Amino acid sequence: MRRPPALSMSIACAVLGVASTVYAADYVSLAGGTFTSVLPADGKAGDATVAPFRLRATPVTNAEFLAFVRAHPQWRRDHSPAVFAESRYLSSWSAPDAPGPAASSEQPVTWVSWFAAQAFCENERARLPTWYEWEFAAAADATRTDARADPAWRERILTWYARPSTAALASVGGEANVYGARDLHGLVWEWVDDFNALLVSADNREQGDPDMLRFCGAGALTLQQRENYAVLMRVAMLSSLKAADATANLGFRCAKPGLIEDAP
Amino acid sequence: MNTMSDQGRSAMLAILLALIGAFSFASVPEAAELPTTSVYRLDVPLVDQDGNGLHLADRRGKPLIVSMFYTSCHNVCPLTIDTLLATERALAPNARLGLDVLLVSFDSERDDPLALKRVADLRKLDVPRWTLARTEAANVRKLSAVLGIQYRELANREFNHSSALVLLDAEGRMVARSDTVGAVDQKFVSALATLLSGK
């Protein structure tokens, strides 16, 4: 019996598909829109507007970051200057150009600084997502674009937070949300482009009380949806970071503005 | 004689912009010699109040106070300039001449050289020892990240931002910072005086 040509085609496509997860990033499209962020757009209570954008379907993996580091040796941990990446940058890798057994290819890369993450994204004609883009994408679950009011959704995320951070990270490729984006919750924390824009006062008493001398303009932000700890914990974590910092559970993914690739 | 067509000019511009983009993370020429903690490893192309192009790392060789502001800001930004002027006045006049001051705008959309020049003139800033400059939005974010300055653009086109004066030595290493606004930070002045005396 002759094998139907369609089958061999689909096998070829499947093989290419596997290769492309490593070498050409998979982006999903989000139409954007207006939504209520935990961080009010006007510093008080205003909704945030997100323009159409594309987001990497999964966080960047060790294999992807290794390919970047090999092509751009200035981002090896033994070459990158301290001003861009602290001493623990890529410290989970067994060598500067080899993740080794402790950091498998399909695990999300962690121990990366904001500068290194940004450089990776620029290299694929992208950038880090803004906080609003990330929060917009992460508000969805498998069937709804905004699942945030659902106590079960919040509970699931909080359960992840409660897991010990010493456990090995899973591979990327968890359940897709309604946009096709995966692992926004439940795997790693992620850098955003404007991580240093969150201006959250460490002291609750300053909120709503414009602290003109520390923050020109409207003062420290008033957080909304205080019951939404699942998202607020991200804000608190990101606002505590410096751009050269790297941690065991902090990775990233990239974003591109608009829904269609610009002509090269 | 200018024979370049409009298309030719826009093509040139596109190539130029692409090059600027491609080099936004490239090392500056002297990078090999810079300390690993030097802020000057970040290539930030700037345009000053007179429309001249320069790079952040061009300030290498002389101590520099760098801070960030925007010209339409009426709360903290005039105070940032007041604080900088008062800090300078706390130094001996000769010592002052050994110091550069650079203020980079958060507002890459509205702060063009004209807007910067207006502030430099209005506040009678000692140009060119003082430089007011703008850069593209992506570079504003990188510069703020490297300096540890927080900022956020609000929906009404105001900016929320933290205020810091950052003192860099001749090699671009951060030697002191002050979050004090509206008053002279004596610790910062001592660090500045020590740096300028070369001890």
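## Ground rules

This is a predicted model, in which local features need pLDDT of at least 70 and side-chain atom pairs count only at pLDDT 80 or more, while totals for chains, interfaces and linings use all residues. Residues are numbered from 1 along each chain as its sequence is written, chains are lettered from A and ligands numbered from 1 in the order in which they are written, and side-chain values use heavy atoms, leaving out hydrogens and water.

## Chain A at a glance

Chain A has six helices and eight strands, taken as DSSP runs numbered from the N terminus (helices H or I, at least four residues; strands E, at least two). Along the sequence they run α-β-β-β-β-α-α-α-α-β-β-α-β-β.

Of the 264 residues in chain A, 51% are buried; buried means under 20% relative accessible area, exposed over 50%, and partly exposed in between, with a 1.4 Å probe and protein chains only. The chain exposes about 12,100 Å², with 58% supplied by carbon and sulfur atoms (Shrake-Rupley method, 1.4 Å probe). If we take contacts (heavy atoms within 4.5 Å) between residues at least 6 apart in sequence, 74% join residues at least 24 apart.

## The disulfide

Searching the whole structure turns up one disulfide over all chains, defined as a pair of cysteine sulfur atoms within 2.5 Å. The partners are A:Cys121 and A:Cys254, with sulfur atoms 2.2 Å apart. A:Cys121 sits in helix α3 (residues 114-123) and A:Cys254 in the loop between β7 (250-251) and β8 (255-257), so the link spans 133 residues of chain A. Both cysteines, A:Cys121 and A:Cys254, are buried, and their link is left-handed, with -80° about the S-S bond.

## Aromatic pairs

Over all chains there are 20 aromatic pairs. Rings of Phe, Tyr and Trp (its six-membered ring) pair if their centres lie within 6.5 Å; planes under 30 degrees apart are stacked, over 60 edge-to-face, and the rest tilted. A:Trp131 and A:Trp134 are stacked because their centres are 5.7 Å apart and their planes at 25°. Both lie in helix α4 (residues 131-138) of chain A, three residues apart.

In chain B, the rings of B:Phe106 and B:Tyr151 are tilted, with centres 4.9 Å apart and planes at 35°. Both residues, B:Phe106 and B:Tyr151, are buried.

## Charges over rings

B:Tyr151 also has the charged end of B:Arg141 over its ring, 3.9 Å from the centre; such a contact needs NZ of Lys or CZ of Arg within 6 Å of the ring centre and within 35 degrees of the ring normal. In chain A, A:Lys256 lies over the face of A:Tyr27, 4.7 Å from the ring centre.
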